[in-house]
Every structure is written in C-alpha cells, then in structure tokens.
Amino acid sequence: MKPLIQAFHDKNTGTVTYVVYQNDGADCAIIDSVLDYDPKSGRTSTASADLVVDFVRAHRLKAVWLLETHAHADHLSAAPYLSRQLGGRTGIGAQIAVVQQAFARMFPQRPGIERSFDHLFQPDEVFAIGALQARALHVPGHTPADMAYQIGDAVFVGDTMFMPDVGTARCDFPGGCAATLYRSVRRLLELPPQTRLFMCHDYPPAGREARWEVTVAEQSENNIHIRAGVTEEQFVEMRTRRDATLDMPVLILPAIQVNINAGQLPEAEENGVRYLKIPLNAF
C-alpha cells in the first residue's frame, strides 16, 4: 500500500516533519515534530506544530501515533503539544533507555524517565496506522536508539543518511558508532530499489532547494558517503575523520534534555518559570 505523505520543512533547523495517512478521515502518524525555540531569547512557540495541526484537522485525520526516529540534538520535539491538540501515543525505539543513561550525568533525570514515552518499539516490531501496516526498523549508529519507520512503500530514515549530495549522519554523539551506522544504512539500501526514502533533515548545498525524498536506487548510486562500492573500512575512516571537524549542533544542550523526556519541558520552579540547564565544560 502506498501511503499519502505530507511534509513540513522547518527552515530554521532543516527538519522535516511528516504526516502519514491512507486517505482523508483516516488515522495518521506524525513523525519528528518541531517545537520552535529561539536560543537567544529562550522563547518557544508552536508555529511549526500548528501547521501540522491545521493540516490534520483540515483532512479530518485522527492522530494515533507521534513518532520520533531518535532523540534529536538539533530541535525540540512538539509531541506533547500535538498530543494535547490531536491525541496520539508517543513512540520511539526501546534503546532510548541507553541514550537516557548516557546523558544522566550531564542532565540529572527524574525517576521514571524511561516511561516518558507511551511506547518503546522493539526491532522489527509491526504496528498499525489505521489500515496501514508499519514496521519499526532499528538502525543504530548515529545514536543507539535510532529507528526508521517503514510504512507501505515509504521509509522514514531519521538521521541515518541525508540526500545523496549531503551524505550520512555524524556518529560522534554518546553511543554513536560509524561501523554500526554503515551496517544500518546498508540494511536500508537492500530494500527494493523503488522504495521511497524520506529524510529527517536536509542541509542543501548552495544553489539547491531543500529536498527530502529519494529512492533506494538513487541513494545506492549517488550518495557521496555510502554509495555502492564503498566498503565499511572506507566509510568508518571517512566518517571518523569528518566527525572530528564538526561543531556541536547549536541546540544540542536544550534539545537533548527535552527530547530524552519525550519532549516534555521542565516543570516550573517556585517563581513560575521553567528553566533549561546548560552544563559547563561537560562535553
């Protein structure tokens, strides 16, 4: 079955949010939502998420899943807001517990944080979005918990790879591993050549408009990091060398502490203000 897919591109973070459904009036899943956050002022807004809300309501859809491909380091999740507006269960890969533990020293966590998400997907777990059948593919490497979601002829690949002229995701976050990412991407590229792959981000080179859909065949032929013929040894050497030159994402400190908690913002303190913590000299 070929699902209908509506993409919402957030230019500020390069993130693409997807609404996946069979037809108007059906159940839907929302994948990798964005809560707008201004690091200069500390202000949040729901402008990006409201575009999704408006689309879901206009097409009479019922949100049953709010899916995260992983605990993002480059934007805050809007899943709690979308749940209040539209309903739906939050889901992420079961290995999120490993990511939560990896950041426990940096961000002290409340008891029961492992239960922040409504559902933790096991590798190859099958689930339903109305009449659509979906499968959670464990694709670690960028982080231990990365999941890709296969829905009909479409796969939402998260931060495994980007458009062919951009390459693949970094592997230098806690628990990341370039060799593991290589194997995860190869698993995706073994899918039928016509399978549609949907990126979580696009960072287009100068002169190209943002894009986020590509086929397995196009990735296999043209991906600058991991096209057919690139060996695991070659990929690991390239990825390790490249990762050593990369700055930390601008929003990693606010994003991680929110996203490992299923997008929940910290509770307000006695003065009624919520605070994000910025650890000093921790990286």
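Modeller: Below we go through a helix pair and then the cavities.
Modeller: This is a predicted model, where local features need pLDDT of at least 70 and side-chain atom pairs count only at pLDDT 80 or more, while totals for chains, interfaces and linings use all residues. Residues are numbered from 1 along each chain as its sequence is written, and side-chain values use heavy atoms, with hydrogens and water left out.
Colleague: At what angle do helix 4 and helix 6 pack?
Modeller: About 125°, with the axes of helix 4 (residues 178-189) and helix 6 (residues 232-243) 9 Å apart. That makes helix 4 oblique to helix 6 (under 35 degrees is roughly parallel, over 145 roughly antiparallel, 65 to 115 roughly perpendicular, the rest oblique).
Colleague: Which residues make the contact?
Modeller: Ala178, Ala179, Leu181, Tyr182 and Arg183 from helix 4, and Glu232, Phe235, Val236 and Arg239 from helix 6; contact means heavy atoms within 4.5 Å.
Colleague: OK, new topic. How many cavities of 30 Å³ or more are there?
Modeller: Two. On a 1 Å grid over the protein atoms alone, a cavity is a set of points where a 1.4 Å probe fits but cannot get out, and lining residues have an atom within 4 Å of a point. A volume is the space filled by probe spheres set on the points.
Colleague: What volume does the largest cavity have, and what lines it?
Modeller: About 50 Å³, and its lining includes Phe103, Thr143 and Ile252.
Colleague: And the second largest cavity, what's its space?
Modeller: About 30 Å³, with Glu68, His70 and Asn259 among its lining residues.

How values were computed. Axes are lines fitted to C-alpha atoms, for helices over the stretch in contact, and angles run from 0 to 180 degrees between N-to-C directions. Helices (H or I, at least four residues) and strands (E, at least two) are DSSP runs, numbered from the N terminus. On a 1 Å grid over the protein atoms alone, a cavity is a set of points where a 1.4 Å probe fits but cannot get out, and a pocket is an open set with protein on both sides within 12 Å along at least five of seven lines; lining residues have an atom within 4 Å of a point.
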